[in-house]
Amino acid sequence: MREPLLLPDPEDPRLTQLVEGVDQEGRRVEAPIVHERPLTLFLNGQEIVTMMTIGDHPEYLALGYLLNQNMLRPDDEVTAVEHDEELEVVVVRTARATDYEAKLRKKVRTSGCAQGTAFGDLMERFDQVRLPRDAVLRTSWLYALSRRINTAPSLYLKSGAIHGCCLCEEDGLLVYMEDVGRHNAVDKIAGYMYRHGIGPDNKIFYTTGRLTSEMVIKTVQMGIPILVSRSGFTAWGVELARRANLTLVGRAKGRRFLALAGIERIVFDADPHYQPEEDRRHGRKGASADEEAEAA
C-alpha cells in the first residue's frame, strides 16, 4: 500500500483556535474551533466568487472550483496562481483570454451545508463524460478505506464542524481534504489532481457528506468512476449516477453499505460478518438516529 500524498494537518495553528466555554456540568473548558474565512477568487481580471473556507490549500481550491464550474478547461495553460493571505484573494491567470460575464449572471444554489453556489449550466459536459467500465470496487478495499479514513489525522476528530473528501486508489488513501463545505473539499481534490497530473480512471472518491446531485455531477466531471459516502442519498443524486453509470455507494459504516448505482463494478470478496463495527466516536454529521442505533 502506497503512502498518502497529502493528509489534513489538524495541528496547523491557522485552522483552529481555542475558545473558552462551559460543558454540560458547568465546568469551564477550552474547545478547539475551526476557523472560517472568506476567499475571493479571480480568473484573470474577473471576480468570480467569494467562498467561505478554512483557508488551507487556496491554490487547489481555486483551480478545482474553476474546473468543476467549466471555467477552466483541462488543457488550459495556467500561467500563475497568486494568493494574498492578507487580502483574502486568490487570482488564477491563464494563457487563454476568458470572459464569463454572461455565465456569472446564471447562478444555481446547491444543497451543500455551507450554501455553495454553482454558476452556469450545472449539467454542462455531464452527458459527454464516459466513465471507465472496467474500474473495480472490491468490498475488501471499501472496508479497509472506511477504517483508514476514520482513523487518519483530521480536523474533524479534533474539532468537528467539518466535512472530508478523499481520493483513493484500491485500499489506499492518496489525497484527503477537509473544509466547512463538502463542495470545497471536492474542489481542492480536483485542483490537486489537475496540478499534479493525477488521472481519474482507477480512482475511488470518498466523502463524509450526503450523496447529492452536486456530489455526483462533480465526481462525474472529474472522471472518477466510483463515489462512496458514509452518509445517505438524494433521489436526484441516484438518478444522475445511474444516468452516468457512476458506481454510487452510501451508508458505508463498519460492515454495512448500500449501493444504488453502478453495482456491476462491485466485487464481493470480503465476508461482512467478519468485519468490525464502526467505533461510535467516529460517528459524523449526517447519520440518522436509526442508523446510529443500528450500528451500536
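Start by selecting Asp12, which is buried at a relative accessible area of 12%; buried means under 20% relative accessible area, exposed over 50%, and partly exposed in between, with a 1.4 Å probe and protein chains only. This is a predicted model, in which local features need pLDDT of at least 70 and side-chain atom pairs count only at pLDDT 80 or more, while totals for chains, interfaces and linings use all residues. Residues are numbered from 1 along each chain as its sequence is written, and side-chain values use heavy atoms, with hydrogens and water left out.

Asp12 forms a salt bridge with Arg14 (a side-chain nitrogen of Lys or Arg within 4 Å of a carboxyl oxygen of Asp or Glu), and the closest N and O atoms are 2.7 Å apart. Arg14 is partly exposed, at 43% relative accessibility.

Next, select Lys218 and Asp187. Their closest N and O atoms are 3.0 Å apart, in a salt bridge. Lys218 belongs to helix 6 (residues 213-221) and Asp187 to helix 5 (residues 182-196), so the pair ties together parts that are 31 residues apart in sequence. Helices here are DSSP runs of H or I, at least four residues, numbered from the N terminus. Both Lys218 and Asp187 are buried.

Within it, Arg27 pairs with Glu25, the closest N and O atoms being 3.6 Å apart. Arg27 is partly exposed, at 46% relative accessible area, whereas Glu25 is exposed, at 58%.

To finish, show the salt bridges of the whole structure: a search finds 18.

Terms used:
Helix = DSSP H or I, 4+ residues; strand = E, 2+ residues; numbered from the N terminus.
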